[in-house]
Each structure stands twice: as C-alpha cells, then as structure tokens.
Amino acid sequence: MLVCMGGADPDNHTLQALEMLQGIPAVKHIEVVVGSAYTHLHELKQHLKDQPKAKLYHDLSAESLRRLMARCHAAVTSASGISYEYAAVGGTLFVKQTADNQAGIHQFLTSTGIAYDYGTITTVLSQGRAETTAMQLETQRHYFDGRSGERLLKVFINLSLSTTLKFRKAIPGDLYLLFEWANDPEVRRHSFNSAPIPLQDHTRWFQTKLDNPDAILYLAESDGKPVAHIRFDINDSTTALSYLILTGYDFSSLA
C-alpha cells in the first residue's frame, strides 16, 4: 500500500492514514512517501521506529516515484495531482480531500469509479472486492490511456488554426471567386449535379443566399487570402453544413 498525501501535507494526513492502515490485516506493507516541504518528518520518523511493515521515502524523483507506484497494488493519496499519477500507473486507489481546492478532483475520481473515497478503505480492503477492483482498473485505463500527447497536439493545432485563420461573412464581391471554386473539376465531381454551373445560375443562387437570413456564408482567409468557403443553411431545428476548400491548400501547414 502506497501512502502519499502530497508534497507538503501541513495537517499531517500522512500519519493519520498510516495509523489507520496499520490496523487493517489485509495491508501487509506500507510505502510512505513525503515531499521536501513536509514539516512533520521528525514526528513521522519517530512513529515509524516501531512499525516494521512501513518504509519511508523522502523527496523522491519522478522516475523513482513511478517505479514505487508500479510495485504497490493499492494507494492512499490526497485528491491532487498525485492521485492522477497513481491512476495512470494503475491500482486500487483511495483518495482523501485534504484541502478545499481538491473538491473537484475528489468528486471526479470517485464519481467516475477511478478511485474509492478514503472513508470506504476499511470496508473495501476487508471484503476483498476483486471484481470491483478490476472494474476500477478498467476505468483508470479508459481515462489514463497514454494518449495525452496526441490530444494535446490536436489542441495546439486547433489553437494555431484559430490564430492563423480569419473568418468573415461573404459579400457581393465574392461572386466570381465562389463561381470559380464551385466549377472546380474536383468540386463538380463530388457534387450531386456534376455538370458545370452557368454564371447566370450561380449569380441568381448567390444573391438568393445573401438575401436569405437563414443562409449564413463565411469565407476563411489565411494571410489575407481566401482559402475556404463554409455555408450554413438553417431549416427549423436542423442546419445543413456545406464547405469547400481551395484546391491544393494544406491546412496542416498552419500548425
């Protein structure tokens, strides 16, 4: 069992958890981790002198802590970043809210099944809920799947796009530009009607769209040059989305 109540733990929840765990027969060994800001180190060391099944670690590196977590089948942590770190490694997790700003994390972890509330630890460990623990591990792997890097990259790409691309509403002066794009061979090939569009028909269609309050036309510009057309056609409770991207334009270059 790992016990880690954060780097500082000013109220010494570490010692409180240690005393409670030492009374549970199912807990065979306890790995206690405290940080450099922990101010109760002397008191904790004194307590551990007569506790052979507990071992103290002080101010571990990130890699050393990860390896220690991997050796522990279960953990008691504060509802803080350390709880996320243990859930990413995987194991039976009990979280305790030790500060007001941990309420959100505690609620998320316990409501999703990633962790048990600290108050249930005696019941859970005494009953040996293997099936429930397996479900907890599956839930942890769902939320902590090792793909955060991919998702963060997408976020940064979208941020880059949002700062590089500028959107504006279409104006009458865009008539010939959209006429040219609409008659692009690739656009026509993927359209319901693949025949070229006469300018007269396009002009009538374009003016109708501009006059219709339920039709919203945008142009996306990169470096001041139009590169895409987006149209929303609203019909009661539904909206049809249409878009057209300039041939050869690579949006990934904006990232």
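Visitor: At what angle do helix α3 and helix α4 pack?
Guide: This is a predicted model. In it, α3 (residues 62–71) and α4 (residues 81–89) pack at about 60 degrees. Their axes are 9 Å apart.

Visitor: Is the crossing of α3 and α4 left-handed or right-handed?
Guide: Right-handed, as α3 passes α4.

Visitor: Which residues meet there?
Guide: Leu 65, Arg 66, Met 69 and Ala 70 come from α3. Ile 82, Glu 85, Tyr 86 and Val 89 come from α4. By class, this contact of α3 with α4 has six nonpolar, no polar and two charged residues.

Visitor: What does α3 lie across?
Guide: β1, β2 and β3. The helix α3 runs at about 155 degrees to β2.

Visitor: OK, that sheet. What's the strand order?
Guide: β3-β2-β1-β4-β5-β6. It is an open sheet of six strands, with parallel pairing.

Visitor: Which strands stand at the edges?
Guide: β3 (54–58) and β6 (116–117). Each has a single partner strand, so one side of each is left without a neighbour in the sheet.

Visitor: And how many bridges between β2 and β3?
Guide: Five, in the parallel sense, with β2 covering residues 30–34. Within the pair, Glu 31 stands opposite Lys 55 in β3.

Visitor: Which strands does helix α1 touch?
Guide: Helix α1 (residues 13–21) packs on this sheet and touches β1 (2–4), β2, β3, β4 (74–78) and β5 (92–96). The direction of α1 makes about 175 degrees with that of β2.

Visitor: Switching topic. What order do the strands take in the four-strand sheet?
Guide: β7-β8-β9-β10, also an open sheet. Here the pairing is antiparallel. β7 (165–169) and β10 stand at the edges with a single partner strand each, so one side of each has no neighbour in the sheet.

Visitor: How are neighbouring strands turned against each other?
Guide: By 20 degrees on average, direction ignored, in this sheet.

Visitor: Take me through the pairs. How many bridges join β7 to β8?
Guide: Five, and the two strands run antiparallel. Arg 168 has Leu 219 in β8 as its bridge partner.

Visitor: Now β8 and β9. How many bridges?
Guide: Eight bridges join β8 (residues 215–222) to β9 (residues 225–235), again antiparallel. Tyr 218 stands opposite Ile 230 in β9.

Visitor: Which residue in that β8 and β9 hairpin takes a positive phi?
Guide: Asp 223, near 55 degrees. The hairpin has two residues between the strands.

Visitor: And what about β9 and β10, parallel or antiparallel?
Guide: Antiparallel, over eight bridges, with β10 spanning residues 238–245. Phe 232 has Leu 241 in β10 as its bridge partner. Ile 234 stands opposite Thr 239 in β10.

Visitor: Which residue takes a positive phi in the β9 and β10 hairpin?
Guide: Asp 236, near 55 degrees. This hairpin of β9 and β10 has two residues between the strands.

Visitor: Back to helices. At what angle do α9 and α11 pack?
Guide: About 120 degrees, with the axes 10 Å apart. Helix α9 covers residues 175–182 and helix α11 residues 199–211. The two are therefore oblique to each other. The crossing of α9 past α11 is right-handed.

Visitor: Which residues make the contact?
Guide: From α9, Leu 175, Tyr 176, Leu 178 and Phe 179. From α11, Leu 199, His 202, Thr 203 and Phe 206. The contact of α9 with α11 counts six nonpolar, two polar and no charged residues.

Visitor: Zooming out, how many helices and strands?
Guide: The protein chain has 11 helices and 10 strands.

Visitor: What's the radius of gyration?
Guide: 30 Å for the protein chain. A compact globule of 255 residues would be near 18 Å.

Visitor: And what box do the C-alpha atoms fill?
Guide: Roughly 95 × 35 × 30 Å, taken along the principal axes.

Technical notes:
Residues are numbered from 1 along each chain as its sequence is written. This is a predicted model: local features need pLDDT of at least 70, side-chain atom pairs count only at pLDDT 80 or more; totals for chains, interfaces and linings use all residues. Side-chain values use heavy atoms; hydrogens and water are left out. Axes are lines fitted to C-alpha atoms, for helices over the stretch in contact, and angles run from 0 to 180 degrees between N-to-C directions. Angles under 35 degrees count as roughly parallel, over 145 as roughly antiparallel, 65 to 115 as roughly perpendicular and the rest as oblique. A crossing is left-handed if the near helix is turned anticlockwise from the far one by less than a right angle, and right-handed if clockwise. Contact means heavy atoms within 4.5 Å. Ala, Val, Leu, Ile, Met, Phe, Trp, Tyr, Cys and Pro count as nonpolar, Asp, Glu, Lys and Arg as charged, and the others, Gly among them, as polar. Two strands pair if DSSP finds at least two bridges between them. The radius of gyration is taken over C-alpha atoms; the globule rule is 2.2 Å times the number of residues to the power 0.38.
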